[in-house]
Amino acid sequence: MKFTLSWLKDHLETDATLDQIVEKLTALGLEVEGVEDRSKELKPFRVAHVVSAEKHPDADKLRVLVVDTGTEKLQVVCGAPNARAGLKGVFAPEGAYIPGSDITLKKGVIRGVESNGMMCSERELKLSEEHNGIIELPEDAPVGVAYADYAGLGDPVIDISLTPDRADCAGVRGIARDLAAAGLGRLKPLAAEPVKGAFASPFGVTIEAPDACPMYVGRYFRGVKNGPSPKWLHDKLVAIGLRPISALVDITNFITFDLSRPLHAFDADKVKGGIVVRLAREGETLAALNGKEYPLDTGMTVIADHERAEALGGIIGGEASGCTETTVNVFLEAAIFDTVRTAQTGRKLGIESDARYRLERGVDPAAVVSGMERATRLILEICGGAASDLVIAGEEPQWRRTLTLRPGRVAALGGVEVPRDAQTRILIDLGCEIVGEDADGTLRVVPPSWRADIHGEADLVEEVLRIHGFDAIPATPLPRDSVLTRPALSTKQRRVGLAKRTLAVRGLSEAVTWSFMAGPVAALFGGVGEGLTLVNPISADLDVMRPSILGNLIQAAGRNADRGHADVGLFEVGPAFRKPSPDGQDLVAAGIRAGNAVPRHWAEKARGVDAFDAKADAMAVLEAAGAPVTNLQVTTDAPGWYHPGRSGVLRLGPTVMARFGEIHPTVLATLGVKGPVVGFEVFLDAIPLPKKKGGTARPLVQLSPFQPLERDFAFVVGQDVEADKLIRAAKGADKALVKDVTVFDVYQGTNLEEGKKSVALSVTLQPTERTLTEPEIEAIGQKIVAAVAKATGGSLRT
């Protein structure tokens, strides 16, 4: 949002300096991005008069000018087609820096003729992109005067960054109101006398889509003269980077920036029958004022006549009914449009406009008529003509709401004492209405119509603190309960860092993706619950909360592959959403691997990633986070986005700790990603917290001086028995001596019954007190055979 200092002072009576205003704006939350003072940049440039213009003796397209600068007459060689005797323009002397060309002028000789300085075009002064000729000033322009002063460019331009909730400060008056409330001046009253209509409007207004446009105000003007804007209006728009077009269009732009009240002017002679506010029809298009044609859909609001769409409601006007220099009759629009529909339409069509910027944030619903009246006075004053009675369709939305404020809450929530009278003054200065006071001193407050962001007591407290000054809040040290420091992070918080470090060590790169994704992508990962579809998404393809992080990571891997990096490993630690509630989201460490697991190398055979790579990643995260990995069970009931035969679920009892496996080919094909891709999801919140135990601490690793020994067992079990069951049964046979169990062979074929398989286990026994005897080893072996037989129904292969 840009505005000039003098424009601000049209609304604010103040003696504050520019520096004081800039400092206060930032303190109020209206962060100043920068201040541009064109008078410094344009200081060397002067209004000059071309006394004579002769043809260059050695170049047909050049002219030799004698230029009167007000202090001397200089010879200038110029190639502009409009250079002529009698013209008044802008002269740059030798040594001047030309901002639009990034050069510093030097005295030169052009085709044998000396040239001192230059006559400038608008582009050379960064006023516009016009460069086909030099600037032509009116005949009464005073020669020798600084051009910046003459053109009104000596006025500092302030650029502030607005948060989305402060639509009221998208107008200069809203900014002035905040400054006045903060004690930096007095807000000047705004002329709001209605203009009496001279005739009944020949146009009526019909609203067919009240949800899209609850209120529409129009006014017909006849007999206007649409010429150039007066200098004051021209200068204001140029100063903030807008290109003056014509008086009618400039007035609508001025009101947009002055009051945050977008307007649109139609050439009434090009509108057939009247105005209809409706939704676009299937296959309808609009040729817009920016020279582009847009396809419309049935979710978009259009302003139409009785034949066709003439404008996109709240976004941009149509070329067919645009005002030109020949416009005589005008129909002016001021309306309220649905914020969500306006934002969605603008994003879908890729249209950025000043009207959309304000209307999608929510403009003052009570200022539609007053904005029209202010514009009416300007049109009659500048363009002449006569105005009709107002045409009002719909009604002003209900915006009044009564909130309560307990004055003591300012200190309780904000940490600073603000006197009760000061609180009341601040709220009134901001436009709030104090409608009553309860017996306990609680104030009943009605926020102003232009502050749709104030919804509760905490918002009122924030407004009081903001105007009073956040820097007035004292710095108070936190109480220290002990001289010893305590951990700043909880166990759950530490797990996030441990998970990230573990995955990074395993060669995966951290990615940070949106917490949103496209609805069709979310459907591939179980879909979203009710309430997780965004009402006003930042992009059309980010319209739901993500049910899984894998979708975003897989798409990121696809983009890497498209750029020549097919072998990639990515991870992210963040939330996945099941339902719109605090317990409806999971803290997940998710990752994917795509392409080859082993880099291309002459001494090693290439291998694509598989489910065991993902399982190893998941197990590493669980172990780092403190999960009892030795007690985990593996089941095959992974959700549908995993390959049904190449995936699994890690459980601790009924609780799901992690999922892993190869991503389903259908999912990859839908996302346009070439496989293989494997992934995992570890649910960090599901990992049980460590139990506090008393007693003597034990070493994490207990070393033994006795030699370990290995024994091999081959069991015949059913084909559907997982190897994990055998491993767990063998480990449980004697937890003190059995230290490790691994599978080293699986056999299916002849000499086995149909539906059976042979699984060979290698069992490591580690004595800690003495060397085992043969009978003891035999007894342990029998325990292992019995435990496996009980758990799986298998028998020792003979």
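User: How many aromatic pairs does the structure hold?

Analyst: This is a predicted model, and the structure holds nine aromatic pairs. One of them is formed by W232 and F254.

User: What describes a pair of aromatic rings?

Analyst: A pair is described by the distance of the centres and the angle of the planes.

User: Which parts does the pair of W232 and F254 tie together?

Analyst: W232 belongs to helix α6 (residues 231-239) and F254 to helix α7 (residues 247-259), so the pair links parts that are 22 residues apart in sequence.

User: Is F254 buried or exposed?

Analyst: F254 is buried, because its relative accessibility is 4% and the cut-off for buried is under 20%. W232, with a relative accessible area of 36%, is partly exposed.

User: Why is the pair of F525 and W641 tilted?

Analyst: The planes of F525 and W641 are at 50°, with the ring centres 5.7 Å apart, so this pair is tilted. F525 sits in the loop between α15 (519-524) and β32 (544-545), and W641 in the loop between β35 (633-635) and β36 (642-652), so the pair ties together parts 116 residues apart in sequence. F525 is buried at 2% relative accessible area, and W641 is buried at 9%.

User: Which residues form one aromatic cluster?

Analyst: The cluster is made of F199, F203, Y220 and F331.

User: Which residue lies over the face of W450?

Analyst: R177 does, at 3.9 Å from the ring centre. Likewise, K231 lies over the face of Y150, at 5.3 Å from the ring centre.

Note on methods. Residues numbered from 1 in each chain as written. Predicted model: local features only at pLDDT ≥ 70, side-chain atom pairs only at ≥ 80, totals over all residues. Heavy atoms only, no water. Phe/Tyr/Trp six-rings, centres within 6.5 Å; stacked < 30°, edge-to-face > 60°. Helix = DSSP H or I, 4+ residues; strand = E, 2+ residues; numbered from the N terminus. Buried < 20%, exposed > 50% of the residue type's maximum accessible area, 1.4 Å probe, protein only. Lys NZ or Arg CZ within 6 Å of the ring centre and 35° of its normal.
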